[in-house]
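Please examine the sequence and the model shown here before reading on.

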Amino acid sequence: MELSERKRQILKVVVEDYIRTAEPVGSKAIAAEMGRSVSSATIRNELSDLTEMGYLEQPHTSAGRMPSPKGYRLYVNELMEAQRLSLAETEKINQSLQLKMEELDRLLVQAGRAVSALVRYPAYIAAARKTELTVRRFELLAVDEWNCILVMMTSDSKVKSQLLRTQLKVDPADLPAAANLLNSHFINTDSGGMSQHLMNVADQVSPQLFLLLSQAVSNAADVLEEAGQREIVTAGASRLLKLPEFRDADKAHELMSFLADSKEELPMPERRPMEILIGPENVKEALRDASVVVASYDIGEDMRGLIGVVGPTRMDYASVAARLSSFAEGLTRLFGKPEELPPKEEAK
């Protein structure tokens with residue numbers, strides 16, 4: 001059923017007042033917000049209709065109204081006004097993006113803390129590869145009859161090396177032939193493909209070389225699996241304790257434990273640059289009373305990232321979305337061209 005313009009206006013007022021105060025909103029407050037253009041009696045009727053339609057909830061008979069997840073969803077999709085950041089806010093984000101380019105995991109920790117401080121909610125940040133890594137080239141370097149060094153160049157042009165202790169003696173003179181087999185059968189394929197190829201060459205080589213090939217393939221599979229894992233960092237979980245919705249220690253503990261111990265299960269949408277999940281739209285039980293805003297950014301080198309904020313369903317969606325979008329854009333610029341930062345918005 002299509003909402004009338006007045007109902008939409010009242011719903012918008014209720015959502016934004018509740019975001020600001022965390023208290024149910026009454027008809028008098030709404031009338032004042034609307035400039036007394038609508039009577040309190042009319043507003044009460046509209047509130048009753050919105051409640052019956054599932055857009056609002058009434059915690060107690062004599063209390064005002066608060067938005068339901070359905071109401072928040074309509075607000076986010078149709079009523080929320082996009083925010084433009086002030087000069088001071090943009091400058092603050094720019095300062096947060098003055099991150100030293102170093103190991104990815106340390107960079108993610110810095111970025112997660114910066115986002116959490118900006119929005120005052122817990123944040124998480126992740127990085128993952130767009131495509132699966134493979135091995136581009138193998139080399140085997142002799143040490144002695146019992147040891148050799150396996151050198152691998154992966155498809156992202158990184159080189160990994162590992163000392164292999166062979167289970168049977170291998171003549172160093174046989175290592176070039178073993179390397180040729182690896183480069184003929186085991187490059188440009190995933191770990192499953194390498195395992196299949198290993199079985200195909202089993203009867204073509206001596207037991208000593210087969211064991212060496214097995215060790216090399218197993219090591220390569222481990223390297224690819226480790227390199228392909230998604231890095232996830234969370235920050236600011238304790239900020240939940242300052243929110244009225246999480247004054248219940250058990251409720252706060254459940255969500256904080258999820259952020260600490262189950263971060264791999266946080267929402268990781270792949271399709272859109274910005275995603276907002278409200279309350280029951282979250283699959284995980286620990287997030288059913290929370291909302292999640294997630295933005296994507298591009299790391300380059302076949303890598304992409306996601307940065308998210310977890311907060312109450314009462315969170316200021318417009319503000320969080322604006323800041324998260326700006327920060328994600330800044331991260332893309334940082335990884336792509338470290339000397340550039342997001343352009344400043346004019347002060348409003």
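The following paragraphs describe the nonpolar cores, then one loop, then the surface patches.

The structure is a predicted model. Its largest nonpolar core comprises 75 residues, of which Leu11, Ile30, Tyr297, Ile307, Val310, Phe327 and Leu331 touch the most other members. Helix α11, spanning residues 317–336, supplies the largest share of this core, with nine residues. Another core, of 27 residues, lies apart from it and includes Leu140, Leu150, Val201 and Ala220.

Between α8 (191–200) and α9 (207–228) runs a loop that contains Ala202. Ala202 has a relative accessibility of 32% and therefore counts as partly exposed, since that class lies between the limits of 20% for buried and 50% for exposed residues. Ala202 and Ser214 are separated by 12 residues in sequence, and their C-alpha atoms are 9.6 Å apart in space.

On the surface, Leu141, Val143, Ile149 and Leu163 form a nonpolar patch, and together they present about 330 Å² of accessible area. One of these residues, Leu141, belongs to strand β4, residues 135–142. Because its relative accessible area is 42%, Leu141 is classed as partly exposed.

Is Glu285 buried, or is it exposed? Its relative accessibility is 60%, so Glu285 counts as exposed, the threshold for that class being over 50%.

Terms used
Residues are numbered from 1 along each chain as its sequence is written. This is a predicted model: local features need pLDDT of at least 70, side-chain atom pairs count only at pLDDT 80 or more; totals for chains, interfaces and linings use all residues. Side-chain values use heavy atoms; hydrogens and water are left out. Buried means under 20% relative accessible area, exposed over 50%, partly exposed in between (1.4 Å probe, protein chains only). Helices (H or I, at least four residues) and strands (E, at least two) are DSSP runs, numbered from the N terminus. A nonpolar core is a set of buried Ala, Val, Leu, Ile, Met, Phe, Trp, Tyr and Cys residues joined through side-chain atoms within 4.5 Å. Patches are made of residues with over 30% relative accessible area and no salt bridge: like charges are joined within 9 Å, nonpolar side chains (Val, Leu, Ile, Met, Phe, Trp, Tyr) within 5 Å. Accessible areas come from the Shrake-Rupley method with a 1.4 Å probe; for residues, only the protein chains shown count as cover. A salt bridge is a side-chain nitrogen of Lys or Arg within 4 Å of a carboxyl oxygen of Asp or Glu.
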